[in-house]
Amino acid sequence: MNSILTYKFIVMELITYKTEIRNESAAGKVALLLNQLIGSSNWQLDLESADGLLTVFSPGALNEPEIRATIQQAGFEAKSIERIYSIY
């Protein structure tokens, strides 16, 4: 008896950015655009961080140039400081 095993892998990507976003007003400008691009549950902004850390995560690959362009469209700069891939 032959059996075939199949596996389904899910790739998760996480990117952390250092940003110029420092207050609720600025966060609101970025939130509108990021929510449209990747959804409200796929990003997190730490306003208490000295670096205004923005973490973006998604099942599947993220389009980093598109995310940076979206942040720039809101009037802010963002520099990628960490990128993590996870497969499960």
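In what sense do S2 and strand S3 pair, and over how many bridges? In this predicted model, S2 and strand S3, the latter spanning residues 53-59, run antiparallel to each other and are joined by four bridges. Within this pairing, Trp43 has Val56 of S3 as its bridge partner. Helix H1, formed by residues 24-38, packs on the sheet and touches both S2 and S3. The direction of helix H1 makes about 165° with that of S2.

The sheet as a whole is open and consists of four strands, arranged in the order S2-S3-S1-S4 with antiparallel pairing. Its edges are formed by strand S2 (43-46) and strand S4 (78-87), each of which pairs on one side only. On average, and with direction ignored, neighbouring strands of the sheet are turned by 15° against each other.

At the level of the chain, two helices and four strands are present, and these elements follow one another from the N terminus as β-α-β-β-α-β. The chain is more spread out than a compact globule, because its radius of gyration is 16 Å, well over the 12 Å given by the globule rule for 88 residues. Taken along the principal axes, the box filled by the C-alpha atoms is roughly 65 × 25 × 20 Å.

Of the contacts in the chain with a separation of 6 or more, 73% are between residues 24 or more positions apart. Buried residues, defined by under 20% relative accessible area, account for 34% of the 88 residues.

Note on methods
Residues are numbered from 1 along each chain as its sequence is written. This is a predicted model: local features need pLDDT of at least 70, side-chain atom pairs count only at pLDDT 80 or more; totals for chains, interfaces and linings use all residues. Side-chain values use heavy atoms; hydrogens and water are left out. Two strands pair if DSSP finds at least two bridges between them. Axes are lines fitted to C-alpha atoms, for helices over the stretch in contact, and angles run from 0 to 180 degrees between N-to-C directions. Contact means heavy atoms within 4.5 Å. The radius of gyration is taken over C-alpha atoms; the globule rule is 2.2 Å times the number of residues to the power 0.38. Buried means under 20% relative accessible area, exposed over 50%, partly exposed in between (1.4 Å probe, protein chains only).
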